[in-house]
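Reader: Got a structure I'd like to go through with you. Can we start with strand pairing and then move to the core?

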Amino acid sequence: MSMTFQGSLLDVDGAVGPGPLRGHVRRTVLGDGAWVDVLQGWVRGADALFERLVGVVPWRAERRTMYDRVVDVPRLLCMYGEGAALPDPALVEVKAALDAHYGPELGEPFASAGMCLYRDGRDSVAWHGDRIGRSAVEDTMVAIVSLGAPRSLLLRPRSGGPTHRHDLGHGDLIVMGGSCQRTWEHAVPKTARPVGPRLSIQFRPHGVF
């Protein structure tokens with residue numbers, strides 16, 4: 001797959017893999033038992049990893065029923081379920097680092113890795129929470145690694161209130177924890193601005209979708 005992508009001028013040392021988390025990640029308490037951790041530039045060599053994954057992941061387009069119509073899903077998708085081999089050794093390192101840091105708090109390892117490829121500003125994901133499965137009733141975590149050009153990820157409380165914005169790309173990490181999937185929603189909106197492609201990798205525990 002060929003895409004026009006402008007890499008980061010800071011991503012030039014050649015190493016590919018996760019950096020440290022302890023003492024670097026920043027937690028924000030959102031309320032209602034929800035929180036988010038954010039660490040910009042966590043994955044070193046993120047632009048090289050982006051190029052590798054765009055080429056080797058078996059991306060697929062999907063169509064879904066919405067409001068009595070069948071529509072194109074506005075992004076490309078791939079799912080690596082529990083026990084599936086991840087498509088790049090750097091992602092094995094990323095998962096291991098997440099498990100080591102968050103496992104004691106989460107009480108279990110991350111089990112699956114979903115991937116979304118936002119090709120340009122027309123691709124998006126609507127407001128939602130990952131509330132299928134255990135996360136409908138239990139606190140959990142969803143860790144998202146963003147590669148490629150930055151896009152805005154928005155968070156808003158389901159009960160109403162101000163929206164939080166995070167511009168994520170080039171190896172940034174965001175972890176949504178606690179009650180976040182039940183009490184908050186998140187979205188990646190469309191944009192008319194010229195933006196390059198972004199790849200989102202979502203690590204989830206067993207039974208969370």
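Reader: Which residue in E15 is the bridge partner of Ala113?
Author: Phe203 is the bridge partner of Ala113. Keep in mind that this is a predicted model.

Reader: How many bridges do E8 and E15 share, and in which sense do they pair?
Author: Seven bridges, antiparallel.

Reader: And E10 with E15? How many bridges there?
Author: Six, and E10 and E15 also pair in the antiparallel sense. Within E15, Leu199 stands opposite Leu147.

Reader: Is E15 mostly covered or mostly open?
Author: Mostly covered. Seven of its seven residues are buried. Both faces of E15 are covered. Leu199, Ile201 and Phe203 lie on one side, with Arg198, Ser200, Gln202 and Arg204 on the other.

Reader: New topic. How many residues are in the largest nonpolar core?
Author: It has 35 residues. Those with the most contacts inside it include Leu199, Ile201 and Phe203 from the list, along with Trp42, Leu98, Val145 and Leu147.

Reader: Which elements give two or more residues to this core?
Author: Among them are helices H1 (46-56) and H2 (89-106), and strands E8 (112-118), E10 (140-148) and E15 (198-204).

Reader: Which one gives the most?
Author: H2, with six residues.

Reader: What is Ile201 in contact with, leaving aside its neighbours within four places in sequence?
Author: Its contacts include Leu53, Leu91, Ala113, Met115, Val145 and Leu147.

Reader: What does the second, separate core include?
Author: That core has 14 residues, including Val36, Ile174, Cys180 and Val208.

Key
Residues numbered from 1 in each chain as written. Predicted model: local features only at pLDDT ≥ 70, side-chain atom pairs only at ≥ 80, totals over all residues. Heavy atoms only, no water. Core = buried A, V, L, I, M, F, W, Y, C linked by side-chain atoms within 4.5 Å. Buried < 20%, exposed > 50% of the residue type's maximum accessible area, 1.4 Å probe, protein only. Helix = DSSP H or I, 4+ residues; strand = E, 2+ residues; numbered from the N terminus. Contact = heavy atoms within 4.5 Å. Pairing = 2+ DSSP bridges.
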